Structures are given as structure tokens and as C-alpha cells.
Amino acid sequence: AASFTRGMFTNKTTPTKQLIITGHRGGAALGEENTIECIKHGIATGVTSIEIDVHITADKHIVVCHDATVDRTTNGHGAINDMTLEQIKALRITNAKGELTELQIPTLEEVLETINGEVELLLEIKRKNDDNPGIEAVVLDIIKQYDALSYTTFQSFNDSVLEELHLLDSSVKLEKLLVAKLIGLPIIIDGSVTCFSTEKYSYIRSFNFFYGALSAPLSKYLHEHGYHTRIWTLNDPKSIPDIELDGIITDQPDLFYTPQKGLKGPLK
């Protein structure tokens, strides 16, 4: 019943000039995801936006990793919440072949030093059940210490994360991650089943959908109510839907961007 309605789309053969192309996990097809090296490769493609994921360590440091554990991406095992920064920094990233590299899980500070305002930082805060307690305040404090608020946008599947950030600082840019909206019902799928209304998300500036689940009518409706839309994770430029759209989050930013396209910068 969800809006996985590819029949409503007409695919473009070239990227829309006004789309914001975001390197997902730095540009995960360009290197080991969420590492400094991958982020540098993503920026080098010419994009104006880089997405990362963050978790909080047992000693309250913020590290950049998609998963709640280090098992998949490193030579270690365990939950990030249960490990100190020193323990995490002792690990090394493994590549797609399972081979050990010299790369480490970076801290948020290291990512901010790398980006340094050159591109938008689309920062996803994850929280499930009781993991990552207090992460919002710690992340926001680091962002402000590095004077990065102007180029940082926060996104999350978790409404309580977004609500807490808004409570901490109503000026922060917030975007709602979700999979799909059910057709004809005020319900969205975002890892759970959540009620939806434009009033409920009045402080959100964009809804970021799974790429196969945003229909033309829904995107038009959201734009008419003052919201932007992005889709994730689309890796084929030929599959860009012909709908009202502001951005694409992709593992392969190199396939979408050429200097001649004149792609715009972060959402205002």
C-alpha cells in the first residue's frame, strides 16, 4: 500500500540542473564509507553536500559511523556506545573485500576540519531504543564550537531527535528522513509507523524519502506547503524521477556532477 509507485515517474536522461547532489556516507562508492578519505573523494567530485552518520561513545565523543556497532566496517567488535574513543581509534577500517586498511573511524571534529565550510554537511543522528543518549546536545555543541552551524543540516528518522534539536536551538536546519507515506492515509514509515501532518512537522524544512517511494503528487503537495524534498539512495542518474525535487543522496556523486551542470548549493 505504500507509495512505491514507479509507474508515476518519467525518468530523466540527464540530471536536473537545480538538484543538490549529496555524497551518501561521504560517497560510499568512492572509498570506505564515512572515512575522511571517502569524504575528500566526495568533495573532489564537485558536489556541494556530504552526508555522514554519527554515534556517541561511552566517554561522550562523537564518531562517524553508519552502524551502531563497529563489527561490519572494522576489525573490531562491539557497540559504539559501550566503547571509548581510545578503543575505537585503535581499530582499523576493513574494505569491501574484508581486507584491513590503515583507515580509522573519524570523529565529528575531524570531519568538520576536513569540510571546513566547503560543502553542506548533511548530518544524520541515529537513535534506536535507548542508544545514543544525550547525543543531540553533544553534537550541537561541537558544531557550534567549529562555527559550522551555517553549513550543517541535521536529519533523522527519529522524531524525538529532531524535536530535541529544535528545542535546543530553533535556528538549526532540520530534515525528516523517512521511507514512504501510505497512499491516502496520514501515516509515514520511518522505521516505525508514524502519524503525519504538515502541522506536526512545521519546524522541518525537507522530507527525505527512499528514492522509489516519492510520487509526483506527494512531492508537489509538500512543495505547495513550503517543504523541500530529497530522495535516497539513488545511484543511477538515468533513474532520476521527473518530479518536483530538490536533492538526491547518492553513493556515486561522481556520476551526477559535472561542472557544466551548474548544480546549486545547499538549501536555503
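Predicted model: local features only at pLDDT ≥ 70, side-chain atom pairs only at ≥ 80, totals over all residues.
**Entry 1: the Phe196 rings.** A search of the whole structure gave me 7 aromatic pairs. In one of them, phenylalanine 196 is stacked with tyrosine 201, at 6.2 Å centre to centre and 25° between the planes. Tyrosine 201 is buried as well. I then looked at phenylalanine 196 with phenylalanine 207, and this pair is edge-to-face, with 5.6 Å between centres and 70° between planes. Phenylalanine 196 sits in the loop between strands E9 (193-195) and E10 (206-210) while phenylalanine 207 belongs to E10, so the pair ties together parts 11 residues apart in sequence. I also noted an aromatic cluster made of Phe157, Phe210, Tyr211 and Trp232.

**Entry 2: the cores.** Which residues have the most contacts inside the largest nonpolar core? I found Ile52, Leu123, Val139 and Phe154, in a core of 52 residues. Helix H4 (residues 135-145) gives the largest share of this core, 5 residues. Another core lies apart from it, with 11 residues that include Val63, Cys65, Leu91 and Ile93. Back at leucine 123, I listed contacts beyond four places in sequence, among them Ile52, Val54, Leu108, Val139 and Phe154.

**Entry 3: Thr74.** Is threonine 74 buried or exposed? I read a relative accessible area of 5%, under the 20% cut-off, so threonine 74 is buried. Threonine 74 is in the loop between strand E3 (62-64) and helix H2 (85-89). A polar atom of its side chain lies 2.8 Å from the backbone oxygen of valine 70. For the backbone nitrogen of glycine 76, I noted 2.9 Å to a polar atom of the threonine 74 side chain. Leaving out residues up to four places away in sequence, threonine 74 touches Leu91, Arg92, Ile93, Thr94 and Ile105.

Technical notes. Residues numbered from 1 in each chain as written. Heavy atoms only, no water. Core = buried A, V, L, I, M, F, W, Y, C linked by side-chain atoms within 4.5 Å. Buried < 20%, exposed > 50% of the residue type's maximum accessible area, 1.4 Å probe, protein only. Helix = DSSP H or I, 4+ residues; strand = E, 2+ residues; numbered from the N terminus. Contact = heavy atoms within 4.5 Å. Polar contact = N/O pair within 3.5 Å; in protein donor to acceptor, adjacent residues only side chain to side chain. Phe/Tyr/Trp six-rings, centres within 6.5 Å; stacked < 30°, edge-to-face > 60°.
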